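Please read this briefing alongside the sequence and the structure. It is meant for a reader who meets them for the first time.

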Amino acid sequence: MVKQNKIIEPEATGMLKSKKRGYILQAWLVLTLALCFGASLAGVQLTLGPTIEENKINETRQKVPELVLGAEKAQKIEEQGQALFIEPHTISIEKPGKKISYSVYEARLNEELIGWVLKTAGQGYADKIELLLGLDPQAKTITGLFILEQKETPGLGNKIITEAWRKQFINKDTGRQLIVVKKGTKALNEIDAITGATISSRAVTGLVNTAIGDLKGSLVAKASHNQPTKDE
Amino acid sequence: MVDQPTPLERFVQGILPENPVYRQLLGLCPTLAVTNGMKAAVTMSCAVAFVLLCANVITSLIRNLLKPHLRIVIFTLTIATFVTIADRFLAAYMYQMSKTLGPYIPLIIVNCIIICRCEVCASKQSVLTAASDALGQSIGFALALSSIAAVREILGTGMFFGWRVLPISWPDWVIMVLPPGAFLTFGILLGTVNWIGSYRSEKSGNR
């Protein structure tokens, strides 16, 4: 009785061992291809990355007037042939455990500071959401919101790019945290969630809250510093 | 042994007789999603053609090394690589179009036309046959996409490739540009194709 059991066992373990070895051997093609493809993708990213960044910066610059002044005023200024002076800054914030750098665009019209545009990014429902946030010179109210990049679910989460949803943020007080609610907004600091896309709505609102929290202080400081004399 | 199809045969078959959209009903997600304008449809077709051609050629080159249980992993890996290249390329040189197409470019990875062609054709045929199969199928896909996009854009906006073709007085059928328009157009066109097909076979075969 005992013997019979022992006959099977060594064979079974032997097979298992050779099978395990076989799996690794069989996977060589997958591993090699993964390495080759990874390397070529790195190459593609290195060559095209700068161009893509440039495209995004160009788009950001185009959006600055609208974000700071609102669509109507921005168009008026363009018709009058005036152009905003846009100066990019990088503001770094020390947070416990990490350091975050924000790209901030300072918008000036006729030497006068008219507002700020912050660029921030974070995890959405599907992928990274990258957005631009317009603030008035004293960083007291939100003047505009634009989604630069998103890959949210078509038909649900990607409604964050619609003007109807984005314009809720305009004229919101930066002194209070914005809250996402599901059934109609009551308080001033509430944002109506998109039906079926609460996570995307929360992600955007969270990004806005964090960016304001991180940067408000430095923007106010910069604004008062910049007011009397033009300063680089 | 079954006769191996010739490259020319594969090429011709892909365009109409085995059209990926109208005959095989594959890749319907982009077919419905990005056909509200000709420009988007053409860009999408080009991206799919690029990915399909590259994936078919690579799969065909390594077809003798493929293990049956690992083949899907390898197909997906290959397809994902070329889709990423296409996505980055669009973002660099056609930024606005890449924003319009949004997530549908990355979604080519799961487009079943490509994985189907890798599985059915490229993993069993020579490089030349696989490449001509890819070209035929891509042309078939492009034709299907542009036929739907043409109907939707012309009826929905009165324009074709952004050029006005219907008089200004044309009341734009906005629904054609919206998602329901995709289903309506696709259903009607698919019905027409099937009707023509059955009419033909009735005429030639059954009498």
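The points below cover the interface, the paired strands and several individual residues.

This is a predicted model, in which local features need pLDDT of at least 70 and side-chain atom pairs count only at pLDDT 80 or more, while totals for chains, interfaces and linings use all residues. Residues are numbered from 1 along each chain as its sequence is written, chains are lettered from A and ligands numbered from 1 in the order in which they are written, and side-chain values use heavy atoms, with hydrogens and water left out. Helices (H or I, at least four residues) and strands (E, at least two) are DSSP runs, numbered from the N terminus.

**Interface of chain B and chain A**

- In this interface, 25 residues of chain B are in contact with 24 residues of chain A, where contact means heavy atoms within 4.5 Å.
- The two chains bury about 2,200 Å² between them, 73% of it on carbon and sulfur atoms; buried area is the accessible area (1.4 Å probe) that two parts lose on being put together, summed over both.
- Of the area that chain B buries against chain A, 25% comes from Leu77(B), Arg88(B) and Tyr95(B), more than from any other three residues.
- The interface has 1 salt bridge, a term for a side-chain nitrogen of Lys or Arg within 4 Å of a carboxyl oxygen of Asp or Glu.
- Lys99(B) and Glu59(A) meet through their side chains in a salt bridge, at 3.1 Å from N to O.
- On the side of chain B that touches chain A, helix 4 (71-93) and helix 5 (95-101) of chain B each supply at least two residues.
- Helix 4 of chain B gives the most to that side, with 12 residues.
- That side of chain B divides into 17 nonpolar, 5 polar and 3 charged residues; Ala, Val, Leu, Ile, Met, Phe, Trp, Tyr, Cys and Pro count as nonpolar, Asp, Glu, Lys and Arg as charged, and the others, Gly among them, as polar.

**Paired strands of chain A**

- Strand 1 (residues 85-95) and strand 2 of chain A pair in the antiparallel sense over 11 bridges; two strands pair if DSSP finds at least two bridges between them.
- Ile91(A) has Tyr102(A) in strand 2 of chain A as its bridge partner.
- The hairpin of strand 1 and strand 2 of chain A has 2 residues between the strands, and Gly97(A) takes a positive phi near 90° there.
- Strand 2 and strand 3 of chain A run antiparallel and are joined by 7 bridges.
- Opposite Val104(A) stands Leu118(A) in strand 3 of chain A.
- Strand 2 and strand 3 of chain A also form a hairpin with 2 residues between them, and Asn110(A) in the turn has a positive phi of about 50°.

**Loop residues of chain A**

- Most residues other than glycine have a negative phi.
- Glu111(A), in the loop between strand 2 (98-109) and strand 3 (112-123) of chain A, has a positive phi near 70°.
- Glu111(A) counts as exposed because its relative accessibility is 60%; exposed means over 50% relative accessible area, buried under 20% and partly exposed in between (1.4 Å probe, protein chains only).
- Asn171(A), in the loop between helix 4 (163-166) and strand 6 (179-181) of chain A, also has a positive phi near 70°.
- Asn171(A) is exposed, with a relative accessible area of 62%.

**A buried loop residue of chain B**

- Asn111(B) lies in the loop between helix 5 and helix 6 (112-122) of chain B and is buried, with a relative accessible area of 4%.
- Asn111(B) and Gly27(B) are 84 residues apart in sequence and 5.3 Å apart in space, C-alpha to C-alpha.
- Neighbours within four places in sequence aside, Asn111(B) is in contact with Gly27(B), Pro30(B), Val48(B) and Phe141(B).
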